[in-house]
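Visitor: Could you pick one part of this structure and take me through it up close? I'd like to see how it packs, and then how the rest of the chain looks around it.

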Amino acid sequence: MTQRLVVIGAGMASGRMIEHLLDGAPEGWDITLFNAEPRGNYNRLMLSPVLSGEKTYAEIVTHDDGFYAARGIACRFGETVTRIDRARKVVVSQGGETPYDRLVIATGSAPFIIPVAGRDLPGVVSYRDLEDTNAMIAASRPGAKAVVIGGGLLGLEAAAGMAARGADVTVIHLMGHLMERQLDPAAGYLLQKDLERRGIRVHCKGATKAILGRDRVEAVLLEDGTVYGADLVCMAVGIRPEVRIATDAALDVERGITVDARMRTSDPSIFALGECVEFESQLFGLVAPLYDQARVLADVLNGGDAAFRPVQTATKLKVTGCDLFSAGDFAEAPGREEIVFRDPGRGIYKRLVIENDRLIGAVMYGDTADGNWFFQKIKEGTDVSATRETLIFGPAFAGGVQSDPLAAVAALPPEAEICGCNGVCKGRIVQAIEGGATDIAQLRAQTKASASCGTCTGLVEQVLALTLGDAFQKPAAQPICGCTDLTHEEVRRLIKAQELKSMPAVMQELGWRTSCGCPSCRPALNFYLLADWPLDYRDDAQSRFVNERLHANIQKDGTFSVVPRMWGGVTNARELRAIADAAEKYDVPMVKVTGGQRIDLLGVRKEDLPAIWADLNAAGLVSGHAYSKGLRTVKTCVGSEFCRFGTQDSTGLGIALEQRLWGSWTPHKVKLGVSGCPRNCAEATCKDVGIVCVDSGYEIGVGGAAGMDVKETQRLLKAGTEAEAIEITVAFVQLYREHAKYLDRPYKWIAKVGLDWVRDQIADPATRAGLIERFDLSQRVYQKDPWAERARPDAARRFRPVADLSLEAAE
Amino acid sequence: MTIWIDIAALDDIPQRGARTVRTAQGCVAVFRTFDDRVFALDDRCPHKGGPLSDGIVHGHAVTCPLHAWVFSLETGMAQGADTGAVATYPARVEAGRVLIDAERLMARRVA
């Protein structure tokens with residue numbers, strides 16, 4: 001059943017294709033991956049930050065050894081495929097012959113070397129791979145002279161990178177202005193000024209005549225007679241598809257290897273993708289269409305019917321401090337109009353090209369914040385005649401009064417593209433954030449936004465900031481523990497997405513490094529599993545801390561405390577008598593009133609626990625869960641029943657809430673308070689959920705705390721009736737159960753997801769109803785008195801020693 | 001001479017859990033790990049006397065419930081930055097029964 005797939009070239013396109021392929025059919029392929037470079041896939045777009053020193057190579061590796069190993073991919077890195085034998089379906093390399101059922105050619109492109117004298121001298125490099133980058137880094141000593149031939153995207157990134165390392169850099173460009181394919185002359189001029197300001201010499205209309213040098217490169221001679229001294233020459237004049245292997249195999253090749261919309265070459269068993277292909281007379285150099293090809297090819301190989309359609313792409317330059325943006329067709333032509341905005345003082349230039357009332361091109365320099373907004377209009381072909389007067393001012397003007405720097409992002413519609421490389425729109429990112437993603441790393445993992453060239457990272461962060469609200473922060477992604485590299489949030493997501501319903505399943509599928517976890521991850525996993533799969537998962541007592549395993553709070557001397565539930569802090573003579581009797585019978589050293597309005601019996605021996613529970617059970621008392629990451633107490637005041645100021649029956653509401661919520665497990669402890677009037681005698685405003693009754697209803701606040709941090713609750717919603725107050729509280733607790741990281745109190749969780757998001761969820765009737773339904777379902781399993789279950793003789797045994805050797809030992 | 005005595009069925013001890021054996025000198029914790037091996041150690045953390053039998057068992061180690069010191073079940077040595085050790089006693093499983101070396105247990109009274 002498994003098919004043999006041979007892939008020639010481990011670049012970004014084939015890497016993405018393999019990911020999609022194995023996502024679709026994890027067991028379907030036996031893959032051999034050849035790469036002429038002696039390494040696996042890394043983010044080639046990120047070579048510029050490596051060159052400039054802003055990143056290291058390790059940071060741009062996209063697929064490490066572990067990735068290939070985990071998927072059983074045979075890696076033949078550093079081994080060049082020399083021939084394809086189509087008749088026998090094998091590829092030939094130094095290591096011998098490798099048979100294939102399907103072959104994918106992803107050889108990418110080779111730098112174009114201009115045929116001038118001296119091009120083979122040592123010290124002449126291109127800018128294509130890590131070796132080139134390292135050569136440039138090595139040559140970029142302060143004071144060293146470097147010449148870059150080619151003032152396009154790649155050449156300028158090379159120039160800026162070497163200049164950042166202190167080299168004296170000259171750019172020689174054949175055309176009249178820099179980046180002529182992406183920029184018009186005005187923007188090219190501004191770019192040249194910016195580069196010159198940082199010490200880079202730019203020579204336009206410069207044709208290279210020869211590269212001079214005896215044993216290695218020494219200078220570059222131009223047609224006009226100019227000579228520039230050079231310790232290193234980087235040739236970045238363009239690329240051409242690397243097609244030799246396909247030509248030799250007699251596949252159809254034009255400029256690139258010709259493929260159909262299914263990425264199939266003229267041999268039905270052989271496919272190609274990436275910079276080496278030609279489709280409908282087009283070549284592809286930007287990453288976005290390559291990723292589209294990767295998706296299509298993976299689908300086709302897995303038997304799907306996807307088809308590739310080239311889409312428009314936009315360009316940005318990854319040179320820190322040079323903001324330029326270009327999209328669409330911006331050439332002058334009859335019937336086209338242009339709108340130009342210049343601010344010479346600030347070095348800003350914007351030009352829009354309009355044809356038939358539609359925006360067809362945009363070039364911007366200096367301020368590119370609105371780039372994506374314009375790009376969206378170009379792609380959609382929106383009629384702009386109505387807004388033509390103000391169009392150039394972008395979404396800020398279109399949307400009215402907006403001075404907030406986030407306004408431009410806020411104004412983008414959900415379908416606006418944020419990440420061009422991966423084709424991720426704003427709506428998809430917002431959806432991921434609402435699904436619990438709280439930082440860039442999670443968004444990258446979930447949506448791939450900003451995961452390639454990274455120029456949209458700032459935009460993605462702005463979307464994050466907008467969606468999360470004021471609480472946005474940049475938390476460092478911490479793995480759960482040493483057993484895994486995954487964060488709590490990632491594990492929560494994967495448990496749901498992959499339907500992992502047992503601890504061994506989580507540890508196996510998510511690649512835990514230990515056999516059975518550790519004391520940090522196991523309690524967290526146990527909670528996530530029982531919260532997400534209440535009917536399927538069986539609670540694992542051995543993964544709980546002693547207090548939750550024994551349902552009592554361990555004290556410093558190894559004894560335990562016993563706290564029976566007192567609903568809403570209300571008790572009676574019969575219960576008090578039972579507590580007093582138990583205190584005497586079991587020699588309880590201390591009886592104390594807790595801060596949560598109940599009574600604590602401290603210093604009970606472990607083996608007495610089942611018996612004292614049985615006695616308390618007999619008087620109708622159940623566990624108060626004073627030891628759990630779960631619902632603790634609901635503190636109340638006497639409310640309208642007795643108090644002359646009380647506006648509602650706060651005691652009754654507190655009892656009703658406690659009866660609904662008790663027994664539920666939560667990421668951390670949950671304490672509630674209900675006060676009968678704004679005088680707030682129940683101190684409700686420092687609880688996880690605090691309800692303050694007023695004449696007109698119930699003010700529900702959340703996210704209070706009075707522990708290591710003291711926090712006042714924030715207003716969530718107002719309820720008109722007691723029933724609604726209970727519904728809102730239940731829905732909030734369930735939302736917290738479903739989304740929070742283990743050991744985050746609600747206030748910490750709300751700070752991450754934003755109160756507005758929480759409120760939107762609870763306020764939406766359908767979402768609220770779903771939350772309540774899932775909470776009640778879980779309660780059917782978990783709302784059981786743990787004392788009653790453990791007071792039975794067979795269970796009680798476990799609280800005693802398994803054997804008693806004290807008599808023998810004493811003999 | 002080793003005197004193996006039968007203290008319990010293996011299934012009396014939960015996997016990744018522990019039970020205690022009472023002796024005249026205090027309790028000994030008998031651990032059962034994920035791979036059904038058994039280990040016997042003093043049920044008393046050298047740090048503040050915490051009952052190790054109530055800790056979380058992970059791999060061949062246990063974490064004390066009081067202050068999270070970690071001990072190797074095989075050597076009794078504290079792991080990581082903490083220093084200290086717990087006495088260990090020979091224990092084994094035979095035909096589904098847990099056997100422990102009574103002589104060593106009794107000898108510790110003298111030690």
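Guide: First, a word on axes: they are lines fitted to C-alpha atoms, for helices over the stretch in contact, with angles running from 0 to 180 degrees between N-to-C directions. Helices (H or I, at least four residues) and strands (E, at least two) are DSSP runs numbered from the N terminus. You're looking at a predicted model, so local features need pLDDT of at least 70 and side-chain atom pairs count only at pLDDT 80 or more, while totals for chains, interfaces and linings use all residues. Residues are numbered from 1 along each chain as its sequence is written, chains are lettered from A and ligands numbered from 1 in the order in which they are written, and side-chain values use heavy atoms, with hydrogens and water left out.

Let's settle on helix 27 of chain A, residues 765–782. Two packed helices are described by the angle between their axes and the distance between the axes. With helix 24 (residues 722–739) of chain A, the axis of helix 27 crosses at roughly 75 degrees and comes within 8 Å. That makes helix 24 and helix 27 of chain A roughly perpendicular (65 to 115 degrees; under 35 is roughly parallel, over 145 roughly antiparallel, the rest oblique).

Who's touching whom? Counting contact as heavy atoms within 4.5 Å, helix 27 of chain A brings Arg768(A), Leu771(A), Ile772(A), Arg774(A), Phe775(A) and Ser778(A).

Now for helix 26 (residues 755–763) of chain A: its axis and that of helix 27 of chain A come within 5 Å and cross at roughly 85 degrees. This pair is therefore roughly perpendicular too. Gln761(A), Ile762(A) and Ala763(A) of helix 26 meet Pro765(A), Thr767(A), Arg768(A) and Leu771(A) of helix 27. The tally there is four nonpolar, two polar and one charged residues.

Stepping back, chain A has 30 helices and 40 strands. Among contacts in chain A between residues at least 6 apart in sequence, 62% join residues at least 24 apart.

A nonpolar core here is a set of buried Ala, Val, Leu, Ile, Met, Phe, Trp, Tyr and Cys residues joined through side-chain atoms within 4.5 Å. The largest has 51 residues, and Met17(A), Ile84(A) and Ile105(A) have the most contacts inside it. Helix 9 (residues 287–301) of chain A supplies the largest share of this core, seven residues. Another core, of 43 residues, lies apart from it, with Ala158(A) and Cys322(A) among its members.

Note on methods
Ala, Val, Leu, Ile, Met, Phe, Trp, Tyr, Cys and Pro count as nonpolar, Asp, Glu, Lys and Arg as charged, and the others, Gly among them, as polar. Buried means under 20% relative accessible area, exposed over 50%, partly exposed in between (1.4 Å probe, protein chains only).
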